[in-house]
Amino acid sequence: MTILSVRRVSKRFGGLQAVSDLSFDVARGSIKALIGPNGAGKTTLFNLISGFLPPDSGEIYFGGAPVHDLPSHQIASRGMVRTFQHIRLFPKMTVLENIMVGRHVHSRAGFLAGMLNLPFTWREERRIREKGQEIMELLGIAEHAHTEAASLAYGQQRVVEIGRALACEPRLLLLDEPAAGLNMRETIGMGGLIGKIRDMGITVLLVEHDMSLVMGISDEIVVLSFGQKIAEDRPLAIQKNREVIRVYLGDDA
Amino acid sequence: MARRYSMVAAFAGLVVAIQVATYLAGAPYHLTQLTMTAYYSLLIVGLCMLIGYAGQISLGHAGFFAIGGYVSAFLTTHDLAAHKGLRLVALLQKAGMLLERSDLYGGSHLVVHPWLACAAAVLLAVVIAYVVGGPVLKLRGHYLAMATLGFGIIIYRVALGTELLGAADGISEVPGFPLPFGLIISGNASVRVSNYYLAWGLVILGMVLLLNLIQSRVGRALSAVHGAEDAAGAIGIPTARYKLNTFVLSAAFASVAGVFLTHYNGGIGPSEASVMKSVRYVAIVAIGGMANLWGALLMSLVLNYLSLRGYFGTFDDAVFGVILILIMLFAPDGLLRRHILADLKRLASGGASDEEAA
């Protein structure tokens, strides 16, 4: 069962063909990784899939419906939520508030209801808070609930960002370099967390440089080079793929 | 939540205390400027919501104030007797939405009822805010400031150049605004005290609405948009719509303020639409601490009162310009949040700002 389908997608920036005629599928319930050398187009591809950039050509289907024409917030409300390579928390809000914002698409109090403080919003707020609490406990960050997000250690900020995404109850979670800037112990913890997320029934697509992490958790890997797909296979097969080895280690290897 | 409303109660106490003080001091005429201050404050807390919470600047809010004031002034003074044949006029008259007024010379005028005029004024301001805000809020930072400044200048020039709106003289002879229970919004000295409480009651109502909003799902979403717009979009917040709605909300506050102050003053002139007014409003929001409704309200109370009493003399506009510059340089978080002494020490010890060091 395919949850995400990328069909012949291309994106050009001026003279640079960032993504070129790229196609791949992500199976529901799997963990799929995108790897490739710097500048291979991984983050551009993420921006195309999540609606941050429009593709020049090609189509993207999420849950069978086309999403390549939708703005990012509509894609998110359909259940595809992303994180960022450079952590984008809301710096002046607490950890709990950051995660509570993630409940946005699952709540409905608008401007008028908010201003009038209507009774249904009290119940809704309570549910949002409880869900936020639940997610913090799941991720082991409940003790920091009332800490300003910007004052947390880097590794913990990453976890909060993932918690915020989980609060959206996504069907597909896009993680852009979740282990970037983490030490070895934190990276192992991140691997465990991503596995746990998959076990919750959430499909994961990630971009990652840390090979030990990618090889350890991925069901399938797509390898990009200069905007093109050069391989798509299981981790063990990717490790033996001559083209992949050439791209990563150079021609002489 | 308890704290939210205890501040409101404390502020209501302050409003009462000021009135009692003017009574005891035998100087009730101060209430006139304090009432005008209240209406300006209504605009300022709305603008504070836009600048401080949604993170969007507007240098054109005097324009929305003027739209409210001018539309209401025009409709409640313009004689429709000559247009009695029009179906719309006949319909309004049948619905009791037109009033007979006699002018100074005993002539009779047929004008729009202030309630309908007010509704039309606020509706027009809201529609214009939607139309202008849609494209303009796609801009950021300096560009947004320039675009809203342009909007403000257009409204000012239209007010100044339109004969029907009294050109440079503006519109005078605007009637009072009748309310239930025999109350009336009017500058007449006999209703000075009740008008003082009506005006500040309106401000307190506005504050309660905005404080509720800040603590709601929408308030959280606005902080998110302000904090990291792309991340807000990535979790499903329609950032453009939220910014636009806040812009329209603040325009509605400004236009309501414009309507009531115009009926209170009995008139409005083009200076209310001027860019210097818009700059003044931004300066007050800034000195109040940007994302600080109470700070903006208290600063508005003090500065508008001083200005209206003439304490700044001919330097009136210059004072607010200087305030804006000083706040941006030395206390971007506002006056009420900073330790003034620490600032002075920092200045004395060499002046390198800690923002640069950080």
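This is a predicted model: local features need pLDDT of at least 70, side-chain atom pairs count only at pLDDT 80 or more; totals for chains, interfaces and linings use all residues.
Residues are numbered from 1 along each chain as its sequence is written, chains are lettered from A and ligands numbered from 1 in the order in which they are written, and side-chain values use heavy atoms, with hydrogens and water left out.

**View 1. The two domains of chain A.** Chain A splits into domain 1 (1-79 + 170-253) and domain 2 (89-169), with bounds that come from an automatic or database domain assignment. Their C-alpha centres sit 27 Å apart.

**View 2. Where domain 1 of chain A meets domain 2 of chain A.** Here 19 residues of domain 1 are in contact with eleven residues of domain 2; contact means heavy atoms within 4.5 Å. Together the two domains bury about 1,100 Å², 77% of it on carbon and sulfur atoms. Buried area is the accessible area (1.4 Å probe) that two parts lose on being put together, summed over both. On the domain 1 side, β7 (172-176) and α7 (184-199) of chain A are the elements giving two or more residues, and α7(A) gives the most, with five. Helices (H or I, at least four residues) and strands (E, at least two) are DSSP runs, numbered from the N terminus.

**View 3. Chain B against chain A.** In this view, 30 residues of chain B are in contact with 33 residues of chain A. About 2,600 Å² is buried between the chains, and carbon and sulfur atoms give 67% of that. Look for Arg217(B), Arg220(B) and Ile235(B): they supply 32% of the area that chain B buries against chain A, more than any other three residues.

**View 4. A salt bridge between the chains.** Zooming in, the side chains of Arg220(B) and Glu125(A) meet in a salt bridge (3.0 Å, N to O). The term stands for a side-chain nitrogen of Lys or Arg within 4 Å of a carboxyl oxygen of Asp or Glu. Chains B and A have two salt bridges between them, whereas the count between domain 1 and domain 2 of chain A is zero.

**View 5. The helices on chain B's side.** The elements giving two or more residues to the side of chain B that touches chain A are α1 (2-24), α7 (192-214), α8 (217-227), α9 (229-234) and α10 (239-265) of chain B. Of these, α8(B) gives the most, with seven residues.
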